[in-house]
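Please keep the sequence and the structure in view while reading.

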Amino acid sequence: MVGILDFTPAIVLLPFVSFLVALSVGDRLPKGGALAGIAATGGSLALSIGTVLAVAGGETYTATIYTWAEGLDAVDLTFGVLIDPLSAMMLLIVTLVAFLVHVFSLGYMNDEDETGLARYYAGLGLFTASMLGFVVADNLLMAFMFFELVGLCSYLLIGFHFREPGPPSAAKKAFLVTRFGDYFFLVGVVAVFATFGTASFVGSESFPALAEAALRGEASVATFGFAPGTWFTIVGLLILGGVIGKSAQYPLHTWLPDAMEGPTPVSALIHAATMVAAGVYLVARMYGFYAISPTALAIIAFVGGFTALFAATMGLVKREIKQVLAYSTISQYGYMMLALGGGGYVAATFHLMTHAFFKALLFLGAGSVIIAMHHNEDMWDMGGLRSKMPVTYYTFLSGSLALAGIFPFAGFWSKDEVLYETLLHGLDGDPILLAAYAMGLLAVFFTGLYTFRMVFLTFHGEPRSGTAKDPHGVRWNVKFPLAVLGVLAAVAGFVNMVPVADVTGLEIDFLHKWLEHGFEGLTVEHYGTLLHDFPAYGAAGVELSPLLPGAVSLGLALAGAVVAHRLYNVPEPVEHTDRLGGIKTVLYNNYYQDEYQVWIANGLTRPAARVANKFDGGVVDGVVNGVSGVSLFTGDRVRRIQTGVVSNYAVLLTLGLTALILAFGLAGGWFA
Amino acid sequence: MVPPEYYLLLSAAVFCIGLFGILTRRNALLFLMSVELMLNAANINLVAFSFVWGNVTGQTFGLFTMALAAAEVAVGIGIILVLYRNFDGVDVTDATTMRW
């Protein structure tokens, strides 16, 4: 019987078709191919809803679609799909956000008379298709290929306004920085193939399952002279390189704020559902492999916690609305990494989901504001927009409350669970997790502060410029996506109200239930067993009510919001951050991250490259040239025996024959 | 019956005369004649061994070689003719254009 899950490849192919349509005939279509894109992502969304319903009914699906390299006594390289609760949930998120971004683009691009619309919609289609292909990938190599495609599309879209100086440079930076991480990922993929002979995510022959069996002593794999645990940690960290690049974690986060040069709907797509989410999703997808490595988990948690705090502090001082959102994205993905490292698999997926909704909402809201402000992004030129664009204001407020983690909006539930899980496992006696938790907790305060600073500066107070007094109106195609996401940002948290479930005893932690079924080895219970057996998370049996940590983080978020209210919710706000003096300069310049990375490139890599060039030019080329020089010289001498005089040849022939006869004679013993 | 050593001596002598001619003469016609001498030295061997072993294959082979030699002379004369046209003489040491 053909079920809905057999149509899974169509979810990926529909946006790809819209890419082809926009690319080939987009110029001649009305709206520059937007309608094809909307139709395709709408179709994907419908299919994804069907997929989610089928998965909710207990179905799962995995199939190999195409074997593109058949190995003889070696590995087959294949494309396949894997539909389980995790990927079904992600499909829904990606298609929903992509659909809404396409609709929003009608308002942001078409109504603003941008040129090159066909190119824009082709990019959006390919971007969506790549991310969907990545989500359904059933093996690591396929995931890597689509991971790279996502990176390529981000390059194309960030650099959309390629005639201005900023976007092409930002696009190059985004591509190069994420590529730097992807080198490690590629090495990791090869290491996985070399170690396990497979890169499959699912089944008893998948690489997480084999790694677990090897650690339990039930199977053996090639670990190249390392202890299995050490080697798996190394491989895991190599793959993590790609994750850190794509998910913009410290120290490879520098591309993301620059990526704001792209059109705002693209920023929404990149930050909410596609590129940046890819990294975290990859860790969640192969969580069975990370859960067996305590070191890798500790590193993930620490990097995540650090990034969450680090980015939040930088978000405090930015002037442009999109810059604030960019740093909030880095910070929020830090939380997801913190959750994954802290053993909160469900918490991380939960935060991934709620963040996708509220961050897409905030970016689209910012896009709406930018339309109204005639493409001026400076918050100090805004103010008082609340009464002029109420739909944008209230939806943006919903997203901001979710981002800050204020009860009962979506972000509260997910961020609270992230912190709770980390604290719970940190209290087992893991100081690194506790340190990561402390940084994450501190970041909650800063999140509340920068979020509401942004809200108050943009929407409250008196208009601070002519355009803010008389903003440009927006149409339904902007308001509709905002309304959908605004509702989701408010209510999405209700799918997993763990504290409430804990107190009342009601079975309302639906996301936990959702992730409990699926393929054996890819479920929450299995990950729980792994986390208990290998990094010994929860082994000490610490009991902790989720209420107190929840209250603490809510209190901190509210404190941040209240501080922002006191400082910025006044008719004529001033730049209070100026009082920070030198600290502000450091923050405003992003802790000089770009400068030190440029210094590494110029001060270390370039001299090293110069030495390597010298070695190449001197030694390697010297040997090659020397060999050819000797050949030329001897050839020049030896060729002179060809005199052109026949008699000389005859002499040589005769002498040669004589020598030959003598040699045979000596060897044959005639003269003995 | 004449013992085969005499045939071999004769053949060796003819061969050496031919070789001497090739190594010392400069006239292309004498060159060609010397080559013919060496060829015939080989022929003598063929016939002689054929006679000693009582097998006519060698003598048949000798006939073939003569036919071959005739063809070779035709080619050789042709080369000499061209040599004469291009270098105004038949001195083999003059034609040294095919060298390094």
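## A covered helix, aromatic rings and cavities

Helix H7 of chain A (residues 207–215) is mostly covered, since seven of its nine residues are buried. Buried means under 20% relative accessible area, exposed means over 50%, and partly exposed lies in between (1.4 Å probe, protein chains only). Helices (H or I, at least four residues) are DSSP runs numbered from the N terminus. The model is predicted: local features need pLDDT of at least 70, side-chain atom pairs count only at pLDDT 80 or more, and totals for chains, interfaces and linings use all residues. Residues are numbered from 1 along each chain as its sequence is written, chains are lettered from A and ligands numbered from 1 in the order in which they are written, and side-chain values use heavy atoms, with hydrogens and water left out.

The buried residues of H7(A) are Phe207(A), Pro208(A), Leu210(A), Ala211(A), Glu212(A), Ala213(A) and Ala214(A). Their cover includes H5, H6, helix H8 (228–246), helix H12 (287–290) and helix H23 (524–533) of chain A. After H7(A) comes Gly217(A), whose phi is positive, near 80°.

Phe207(A) also belongs to a cluster linked by ring pairs, together with Phe196(A), Phe201(A), Phe232(A), Phe289(A) and Tyr290(A). Rings of Phe, Tyr and Trp (its six-membered ring) pair if their centres lie within 6.5 Å; planes under 30 degrees apart count as stacked, over 60 as edge-to-face and the rest as tilted. Over all chains, the structure holds 38 aromatic pairs. One of them is the edge-to-face pair of Phe147(A) and Phe185(A), with 5.1 Å from centre to centre and 90° between the planes. This pair links distant parts of the chain, for Phe147(A) is in helix H5 (residues 140–158) and Phe185(A) in helix H6 (residues 166–196) of chain A, 38 residues apart. Phe147(A) is buried, because its relative accessible area is 0%, and Phe185(A) counts as buried at 0% relative accessibility.

Charged side chains also lie over ring faces. A charge sits over a ring if NZ of Lys or CZ of Arg is within 6 Å of the ring centre and within 35 degrees of the ring normal.

| Charged residue | Ring | Distance from ring centre |
|---|---|---|
| Arg179(A) | Tyr183(A) | 4.8 Å |
| Lys246(A) | Phe147(A) | 4.5 Å |

Is His355(A) buried or exposed? His355(A), found in helix H15 (residues 345–372) of chain A, is buried, with a relative accessible area of 0%. Leaving aside neighbours within four places in sequence, His355(A) is in contact (heavy atoms within 4.5 Å) with His271(A), Thr329(A), Gln332(A), Tyr333(A), Met336(A) and Ala360(A).

A search of the whole structure finds two cavities of 30 Å³ or more. On a 1 Å grid over the protein atoms alone, a cavity is a set of points where a 1.4 Å probe fits but cannot get out, and lining residues have an atom within 4 Å of a point. A volume is the space filled by probe spheres set on the points. The largest cavity has a volume of about 50 Å³. H17(A) gives the most to its lining, with five residues. The second largest cavity holds about 40 Å³ of space, and its lining includes His253(A), Tyr327(A) and Asp594(A).

Conventions: 1 Å grid on protein atoms, 1.4 Å probe; cavity = no way out; pocket = protein on both sides within 12 Å on 5 of 7 lines; lining within 4 Å. Helix = DSSP H or I, 4+ residues; strand = E, 2+ residues; numbered from the N terminus.
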